[in-house]
Amino acid sequence: MTEQTVDPSFTSSPDAAQAELGARFIGSLHHAVLLLLLFLTFFPFFIAILTSLKSFQQLLVNFWLPAFPLQLQNYVMAWNEIYRFIINSSLVSIGAVTGVLLCASLAAYAFARIDFAWRDAAYYLVLSLLMIPAVLNLIGRYLLIVQFGLMNSLWGLILPYIAGGIAFAVFLLTGFFSDLPEELFEAARMDGGTELQMYRLIALPLSRPIMAIVGLLTFLQSWGDYVWPLLVLRSKEKFTLMLGLATFTGNSQVMFGPLMAGYVIASIPTAIIIILMMRTFAGAALVGAFK
Amino acid sequence: MSVQTADAGLDSGLWRGRRRALRRNLTAFLFLLPTFLFLAIFMYQPTFNVIYHTLFRWDGFTVERFVGFKNYVTMVNDPNMHIATRNLGWFFLGWMLQRISPFLVAELVFNLKRERTKYWYRTLFVLPMVVPFLVTIMIWKFIYNPLPTIGVLNRMLGSFGLEEWQTAWLSEPSLVILALLLVSFPWISGWPFMIFYAGLQQIPNEVLDASVIDGCNVWQRMVRIDIPLVVTSIQLVAIQTMIGIIQDFAFVLIMTAGGPAKASLVPGLLLFMAAFRGDQMGYGATIGVTMFIAIFILTLLSFRYTTSPFTRTRRTRET
Amino acid sequence: MNRALSRRQFLIGTGGLAAAGLIAACAMPTAPATMEEDGAEGSGLTGELTIDMQYVPGKVTADTPVALHEILHIASEYEDMHPGVEVVFEEPFKATEAMTQPTYFRAGAAAGTLPDITFTYGLTFIYDKDTIVPTTEYLNQPNQYIPAGQPGNSRWLDQWFEDVHPIVLADGNNYDIPVGWGGPGLVIAYNKEIFADAGLSGPPEKTYYDYYQACQQILDTGVIPVESTLLSWEWDRMVDYLVRAMGLFDLIDINGDGFCDDVEQTRAAVAGIVRLDSPYWVEPTRIWKEATNYYQPGYLQMAQTTSAIGYGEVFMTEQTAMVWNATRIWPQLMELGGTDKFGVFNLPRLTNKLTPWGEEDPTWLIARGTESKTVTKTARERGHVDLAVDFLKFMTTPANTARLIHERLGTNLVLPTIKGLEDLEVDDDVKALVSDYEADTAKPGFSSDRIGDWHFWYEWFSAIQAYFADDMTLEEMIQIQIDVLPTFIENFLVDKELHADAAEWEKMQADYTPPPWGDYTVPSEPFVMPFNA
């Protein structure tokens, strides 16, 4: 393309000029549509960020544009209100991710690498859980949590989240583990390695990317859940971030500014996690499609 | 692995083989123990507890009276359930369109010429995904605020001189479903866009080049080449959406709690309210089981009439 | 192994699931271990007594704008008197989107996590009497903490006013210890500046008529008068007044405990005394619909609770003149300008100026007990019943009750239920009410325990919403209620094993003289505020 010299007569011919004009027009229309869509996509967030920096009086007077002075104390106010929700949510999510990764990788290793009796039956027993909608379990789990005395405790969130995440994690990890080359394991077996050693020293180190994806999915799910914490938690000190946000009304100052500031702050943890895991994120997008 | 009989005697070989198999089974059992412990307690037990109790008038704690299939009969005749199902139908149509429509945007981005521009558009469209869903909902609640001074939408209408269009968007029975469907317009950022875009990227370059040589215009190429080639992605999104729609009610719970009156009630919300506000766990369980059956049947049907998305996507992931 | 999923494999899996379910069902989780038995050694009144108040003692929360410390002092005085006793305050229950008081109570009873003493409201909703210790026996004992010669010293029960004796349930037993009573309703806050702009010098007179007239006056100046949700309290109170005005109260309250509980109301419905197409049920709804003209736009979209997200924000941003149930947002109001800017008044009375069914000058009605205490099954299991009762005796002496009530006067109106509180330092409103009450002119209201379970109320409120949104006529709305009622009654009778009684109740219909509104039919024309007519 670059080598080719452009024939002057070609570009100057009226037909071609018209075609080029048409192409340009279509090209700019193309961009215009995309930019409009981008604008619409970002508009609510743009408004939220704007509002988070205003007092209520500023909001009434100047709705659409930034108003000065910026009310940065809105963020201080919001932070004081929601930081403990962020801590609670982190505890829950970390607990759930750890639990799911540990249990599911052990089970997946057994399914993929150990030839034991009733293996297929057990495997399908786990997989069939993918068909059970979470809403069916809501009542049963709630009663369990009540019976175990885990109401209003973060364990009442972590344990069911682990159970809820295992099936899909086993599905993904088993696929991955069974694709690992058999020679690695054969060699280890020759050296007298136990299954636990092989799991720890071969399977786990090789499966970091897929573990990251499983972890990310579990994290996002437990972080974003609303209904289950609503059922289990009662006191504000224990609220997760999502529950806290839904009941968060600016405590001392007139609404909206601190409220929106709270929403902005609440978006930061997930943003950090997702950006840190950007590389595996595209993969997660595909994997997430299974759900 | 098979039983070794190489140079040992037949008896001892068998014995050793059995012992080894036993040990393998024991190891596997220990590996599986934590998983099945969790699943037995928090998945199998609640599921069967709930299915069993659909046959009871049951408040979960003290009232537990066998009523046979009365709950199912009640549900079939419950006007609430009729309304909820009808509303679900509207949500179903609307959300299905919402989830499929990013395909067009994916096409628009994919057809840009410069890789760098493509990259930026793609990243920007996906960027709002970092915002938790609940935050998006709360911001949209702010947009729909009924007061003309505060609601973004009402204020916008006001500044265009359309005061008579200002209304309480979420408390008009005739508008509420539409308002709920318009949440997060234009519905681009999300898994569907990424899946569609990834699907388009999987189309071999030779096919695209050939289409250019054959003089296909963009529209023809989209209809004849892109859609057939990414149809698995579309199925994938459709199935995922279908399952999600039937059971998700948190969105409606937060936005309107099913109101005004019952204008935005959905079955999941009815379950939630019957079970946890009304202490009618048996009836709630019945709705849950029905939803499970509906999802099960729809999933089976979609497996029957489409290529299995599971196998297809696995292959694309590995390439 | 080929891990691709096919339909067949899913079916196999589901079969496996069924098998697993059988196994899992056999391994039902066992109940948690019983609580530690530190007080089990007997009646020596030692141990750790757990109790929850309706609020968090010593802390400012949304419900308690002023920290309430008095109960902590009372508890420590009690601890000083009884070495070996430790009173532990547990976090109180707070209704959420997902949980109501009865569910909380039953869940707590099932899990063994209820405290020894818990506060209750809607006691008659709690189906399982095994979870509560009857208090009749103890109420007939002397209360040694009351000085000799004062009521209650020889028999604990005597210290309460006649009308507000502890609740008697159908089995003839008492199950609770009333501590404080709700005032004449909920507190409405108003914005003094907006009132002045509308030419109003102060809060409206205490009748609905004047209240609505003030609303109209504010609306005429272009300001939204009231922020509210579809709180049924406005309607509730009107029902209270009409039931009283029509002399129905005594017909319904057969055991004379000052309450119309579930059983009594169900009985009244079966006997035809409570009728959903009678004026005390219909007129409040008609008036209420007209009153929603004074509500902020979008009031229908809010949940039926003041803990709803954003409740109060319209009032706090000075876009309405008044807000219902202002205690909820009191801390914010104090920061936004305090009593210089905002005032409060009580829910008004319903007179015949607004509806011909009302009385000319009705007495104050008092809402149901906002705080009453029950001794729970946990106390029985831990051997703490005597300790719990003893503590309650101490807590409910006139001296201590006065302290508890006094510190709450600024927050929510809580009225004394106990004799011997004449010297309370209270503001004039409350003083008038207390003296009315002691002179036996103020009466308990009716509808504090309403007929119906959740399903009934869901239908009821959905129908009201549809009626208010002009999706349904008044007649259709009433009809829906009438259609749902039999199902509720049937379930209620079966759950409480009251079928035998119900047969008796049905017989009453024959003897029952038709009420004075016998020819009342549901009006088809909309209600118009009398001052606008």
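Is the crossing of H4(B) and H9(B) left-handed or right-handed?

Modeller: The model is a predicted one, and in it the crossing of H4(B) and H9(B) is right-handed. The two helices, H4 of chain B, which covers residues 102–110, and H9(B), pack at an angle of about 45° with their axes 9 Å apart. With that angle, H4(B) and H9(B) are therefore oblique to each other.

The peptide bond joining Phe185(B) and Pro186(B) is cis, with omega about 0°, and Trp187(B), a residue other than glycine, has a positive phi, near 60°. As background to both features, most residues other than glycine have a negative phi, and most peptide bonds are trans. A cis bond is also present in chain A, where it runs from Phe68(A) to Pro69(A) with omega near 0°; Pro69(A) is found in the loop between helix H3 (56–61) and H4 of that chain.

Another helix pair in chain B is that of H3 (residues 79–100) and H11 (residues 218–247), whose axes come within 10 Å and cross at roughly 145°. The crossing of H3(B) and H11(B) is right-handed. From H3(B), the residues Phe91(B), Phe92(B), Trp95(B), Met96(B), Arg99(B) and Ile100(B) meet Ile234(B), Val237(B), Ala238(B), Thr241(B) and Ile245(B) of H11(B). That contact has 9 nonpolar, 1 polar and 1 charged residues.

As for the setting of these pairs, the domain assignment divides chain B into domain 1 (10–53) and domain 2 (70–131 + 187–318), and the C-alpha centres of the two domains lie 36 Å apart. Between chains, 68 residues of chain B are in contact with 64 residues of chain A. Helix H1 of chain B, residues 10–53, supplies the largest share of the side of chain B that touches chain A, namely 17 residues. That side of chain B has 50 nonpolar, 15 polar and 3 charged residues.

The contact of the two domains takes 4 residues from domain 1 of chain A and 7 residues from domain 2 of chain A, and the domain 1 side of it divides into 2 nonpolar, 2 polar and no charged residues.

Within chain A, the axes of helix H4 (residues 73–113) and helix H13 (residues 257–276) come within 8 Å and cross at roughly 50°. H4(A) and H13(A) are therefore oblique to each other, and H4(A) passes H13(A) in a right-handed crossing. The residues of H4(A) that make this contact include Tyr75(A), Trp79(A), Ile82(A) and Ile86(A), and among those of H13(A) are Pro258(A), Ala261(A), Ile265(A) and Pro269(A). By class, the contact has 11 nonpolar, 3 polar and 1 charged residues.

Finally, a word on confidence. The model scores ipTM 0.84 and pTM 0.83. Chain A averages a pLDDT of 84, and 89% of its residues score at least 70; over residues 1–12 of chain A, however, the pLDDT is below 50, and this stretch has 3 contacts beyond near neighbours in sequence. The pLDDT also stays under 50 over residues 286–291 of chain A, for which the model has 16 contacts beyond four places in sequence. Chain C averages a pLDDT of 77, with 75% of the residues at 70 or above, and over residues 1–43 of chain C the pLDDT is below 50, although this stretch has 72 contacts in the model beyond near neighbours in sequence. Where pLDDT is low, the predicted coordinates should not be read in detail.

Definitions and conventions
Residues numbered from 1 in each chain as written. Chains lettered and ligands numbered in written order. Predicted model: local features only at pLDDT ≥ 70, side-chain atom pairs only at ≥ 80, totals over all residues. pLDDT = per-residue confidence, 0-100. Helix = DSSP H or I, 4+ residues; strand = E, 2+ residues; numbered from the N terminus. Nonpolar A, V, L, I, M, F, W, Y, C, P; charged D, E, K, R; others polar. Axes fitted to C-alpha atoms, helices over the stretch in contact; angles between N-to-C directions. Parallel < 35°, antiparallel > 145°, perpendicular 65-115°, else oblique. Left-handed = near helix turned anticlockwise from the far one by under 90°. Domains from an automatic or database assignment.
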